[in-house]
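Please look over the structure below, with its sequence alongside, before reading on. The paragraphs after it are meant for someone meeting this structure for the first time.

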Amino acid sequence: MPKRGKKAEDVDSADELKAPEPEAKKSKKGAAKGPKEKVVESPILYQDPPNKLTSPGGQKYTLKVTSWNVDGLRAWVKKKGLEWVREENPDVLCLQETKCAEKLLPPEMREMPEYPHKYWACAGAKEGYSGVALLCKTEPLSITYGIGEEEHDQEGRVITAEFPSHFLVTAYVPNAGRGLVRLEYRQRWDAAFRAYLRGLDARKPLVVCGDLNVAHAEIDLKNPKGNKKSAGFTPEERQGFGELLAAGFTDTFRHLYPNTPYAYTFWTYMMNARAKNVGWRLDYFLVSTRLLGALCDSKIRSQAMGSDHCPITLYMAL
């Protein structure tokens, strides 16, 4: 996700005359009261609840998937992102915004014996841009890159893995850009991506994960009122996401935690946003609605560092 800044706060001009300070009020006993101290509110942080490891029907999970926008794979490795992944130990690891050609992969990524099956998609003409990866402990039946449309398959944004019971799609959805310069393209992408997923869903149920670059509802970002014209929260992008859900998919986190606030997955590096929890929920696990009976939990690992996004993890009993 491109780094978002905040609008500058209104400030008084340095040339503007300051008003005289009022005299201190006197109490009944005659003592002067000083100015009230400004109370600084502590940020409200999201607390990831304990993992739910069984489905509504009582089946223990059989699939654990982690998705993480790493904002540059090489930098993320240096920030010890791999150490966190090894501790989390998912069956499948999906990465977005890798910004790294396959030939330039860090040796630490090439040498991961835990994930013998590794797949990379990179932007063809733009070095250090976009890119996704999918690393598996179990070999998929097949792997597909892109969504089958040339207009949308030049930036390394989608990998699809087919497994016996389901498809797994990892995606890095295009951002509408500063000044919404790519909003029209984003709308075309949304329609094409939705059609692609529906085609897969007609064959097998889906798990879709990644940085989908939209905060769907006001609860999904800290400052909704000030961002209605910002990339990721425009009416057009929110409508596109709503149409995707209406096509037969469910946002797993909101299904399980419909009213949980302050649950974000992205924070700009500026303005100390992460410490203040001024964030956006841009990263998702969606599933075909008919898979909800197999859903155990959908997690936001907000304490994991290494990127301007945090990882998310899904537990399914397939």
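This is a predicted model: local features need pLDDT of at least 70, side-chain atom pairs count only at pLDDT 80 or more; totals for chains, interfaces and linings use all residues.

Residues are numbered from 1 along each chain as its sequence is written, and side-chain values use heavy atoms, with hydrogens and water left out.

The protein chain has seven helices and twelve strands, where helices (H or I, at least four residues) and strands (E, at least two) are DSSP runs numbered from the N terminus. Of the 318 residues in the protein chain, 51% are buried; here buried means under 20% relative accessible area, exposed means over 50%, and partly exposed lies in between, with a 1.4 Å probe and protein chains only. Among contacts (heavy atoms within 4.5 Å) in the protein chain with a separation of 6 or more, 72% are between residues 24 or more positions apart.

The structure holds 20 salt bridges, a salt bridge being a side-chain nitrogen of Lys or Arg within 4 Å of a carboxyl oxygen of Asp or Glu. One of them pairs K80 with E83, whose closest N and O atoms are 3.9 Å apart, and K80 is exposed, with a relative accessible area of 52%. Another joins R301 to E88, with the closest N and O atoms 3.0 Å apart. Because R301 lies in the loop between β11 (295-300) and β12 (312-316) whereas E88 belongs to helix α2 (residues 81-88), this pair ties together parts that are 213 residues apart in sequence. R301 counts as buried at 11% relative accessibility, and E88 counts as buried at 11% as well. A network of salt bridges links D48, E88, D297, K299 and R301.

A further salt bridge is formed by R194 and E243, the closest N and O atoms being 3.4 Å apart. This pair links distant parts of the chain, with R194 in helix α4 (residues 183-201) and E243 in helix α5 (residues 235-246), 49 residues apart. Are these two residues buried or partly exposed? R194 counts as buried, at 18% relative accessibility, whereas E243 is partly exposed, with a relative accessible area of 32%.

A cavity is a set of points, on a 1 Å grid over the protein atoms alone, where a 1.4 Å probe fits but cannot get out, and its lining residues have an atom within 4 Å of a point. A search of the whole structure finds two cavities of 30 Å³ or more, where grid points are joined across faces, edges and corners and a volume is the space filled by probe spheres set on the points. The lining of the largest cavity divides into seven nonpolar, one polar and four charged residues, with Ala, Val, Leu, Ile, Met, Phe, Trp, Tyr, Cys and Pro counted as nonpolar, Asp, Glu, Lys and Arg as charged, and the others, Gly among them, as polar.

The second largest cavity has a volume of about 40 Å³, and among the residues that line it are D251, F253, R281, Y284 and K299. The elements giving two or more residues to this lining are α6 (252-256), β10 (283-288) and β11, and the residues of the lining divide into five nonpolar, two polar and four charged.

Where does K299 lie? K299 is found in strand β11 and, at 1% relative accessibility, counts as buried. A polar contact of 3.1 Å joins the side chains of K299 and D48; such a contact is a pair of N or O atoms within 3.5 Å, in which, within protein, one must be able to donate a hydrogen and the other to accept it, and residues adjacent in sequence count only if both atoms are side-chain atoms. Leaving aside neighbours within four places in sequence, K299 is in contact with residues including D48, P49, Y257, P311 and Y315. The C-alpha atoms of K299 and P311, which are twelve residues apart along the chain, are separated by 8.6 Å.

Conventions:
On a 1 Å grid over the protein atoms alone, a cavity is a set of points where a 1.4 Å probe fits but cannot get out, and a pocket is an open set with protein on both sides within 12 Å along at least five of seven lines; lining residues have an atom within 4 Å of a point.
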